[in-house]
Amino acid sequence: MEEQGIIVRIEEPTEWVSNMVVVDSPKKLRICIDPRPLNEAIRRPHYPISASERLFTNLQGCTVFSFLDAKNGFWQLPLEDASSYLTTFTTPWGRYRFLVLPFGLNNAPEEFQRAMEEIFEAEPQIQPYFDDIALSSKNLQEHCDLLRKALTIARKENLKFNPSKMQIAKSSITYLGHIISEEEIKPDPVKVQGKQLIVADTLSRATCPYVFDEESQSPPSVHASVLAIATSPRWKQLTEMTLQDRVLQVVSRYVTTGWPSERSKVDPVAKPFWHCRDELYLSEERVLCRGNRLVIPEEAKKETLEQLHTAHRGIVACKTKAREYVYWPSMNQDIEAYVERCSICQKHQRSNTQEPLVERDLPQRPWQVVAGDFLTLKGTTYLLLIDYFSKYIEVQHMHGGSASCPDLRS
Ligand SMILES: [Zn+2]
């Protein structure tokens, strides 16, 4: 990365130093910064990102299309010196700072989109949507001129494209999950199928985190293993679903602009997210996340439940798996209802009735819920306490077998 001019070594003291995060991909290790503390201090630009519908209207009435993909996305955007020093991060080999926009900063998507729109602002028929750039014209001659302009502008701005993803002068192209042609703009069947697969994909590959789309150069949004799993085209589908989800849009707005000071002032649809509001953030791909988990839009819930219940796992196993990777407010109840309704499970349970394991929801904080029991070992009685949140174990020697230990008042 140093050779590529992505980062540079730094000796002088800096105001900010972030931690380094190493992401292990099959081909090589990737280094990112842990952006969370920095993100808290960043004032987001609130730059409006065009809805894909608006982009599509500009393409209507055209017959020739091209598609360009900006290589390495954010890394093409150089940082000003002052900003660059803020991205300083520490490694075992010393401190480095980014010379270009790193992945994971919460203002990166807006800044990148703004830069792309500024670069091509003189040409309304060149439409960037993050790293995807669509060109459309009425005829081939116009299109050649437009393509020449686009490439000239790109050369001047030092913007590089990914040759393997280019679609040049076609009568139809795929763009933002749609097939665009003279006659119509329709959802790409591959993408629609993919849409149904994204969560399945996330869950099924969850056992080997940090799997990358080999073709895509985009590192994931840094800190979450699950976020590293889905490949970039799939992110776009989950992004679209999140954008179309009314509740998640209200929540996303709070995440971006800040939550009201009191729960009573929160839009009723977003209230179920109030308790975990501090853990919510939008990934670089604009997908809502809670910690390491994906927040599942309404549209994807059914498929997620199916995936969680593959091999007809029991309620407890489903919930355990779900808690690691996904979240929505009524998730536990939905899993219970789904598994209880499963006809295959019901059929097999009748002949094999077992006392069900009583399962509790995970407490909000350590030591909120504690289990305790006595145990006797070699004639000595101990009190054993287990914290439900952390599974931390506390053992107290009981003098004379009574519960009069002074340490246990709490
Ligand atoms: Zn079942």
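How many bridges link β17 and β18, and in which sense do they pair? Some notes on that and on a helix pair follow.

1. Ground rules: this is a predicted model, with local features needing pLDDT of at least 70 and side-chain atom pairs counting only at pLDDT 80 or more, while totals for chains, interfaces and linings use all residues. Residues are numbered from 1 along each chain as its sequence is written.

2. β17 and β18 (residues 380–387) pair in the antiparallel sense over 8 bridges; pairing takes at least two DSSP bridges between the strands. One example is A371, whose bridge partner in β18 is I386. Strands here are DSSP runs of E, at least two residues, and helices are runs of H or I, at least four, numbered from the N terminus.

3. The open sheet has 3 strands in the order β17-β18-β19, paired antiparallel. β17 (370–377) and β19 (393–397) sit at the edges with a single partner strand each, so one side of each has no neighbour in the sheet.

4. On to the helices: α10 (residues 315–325) packs on α11 (residues 331–341) at about 145°, axes 10 Å apart. Axes are lines fitted to C-alpha atoms over the stretch in contact, and angles run from 0 to 180 degrees between N-to-C directions.

5. In α11, M331, I335 and V339 are buried (20 or more other C-beta atoms within 10 Å of the residue's own, C-beta atoms being placed from the backbone; exposed means 12 or fewer). On the other side of α11, Q333, E340 and R341 are exposed.
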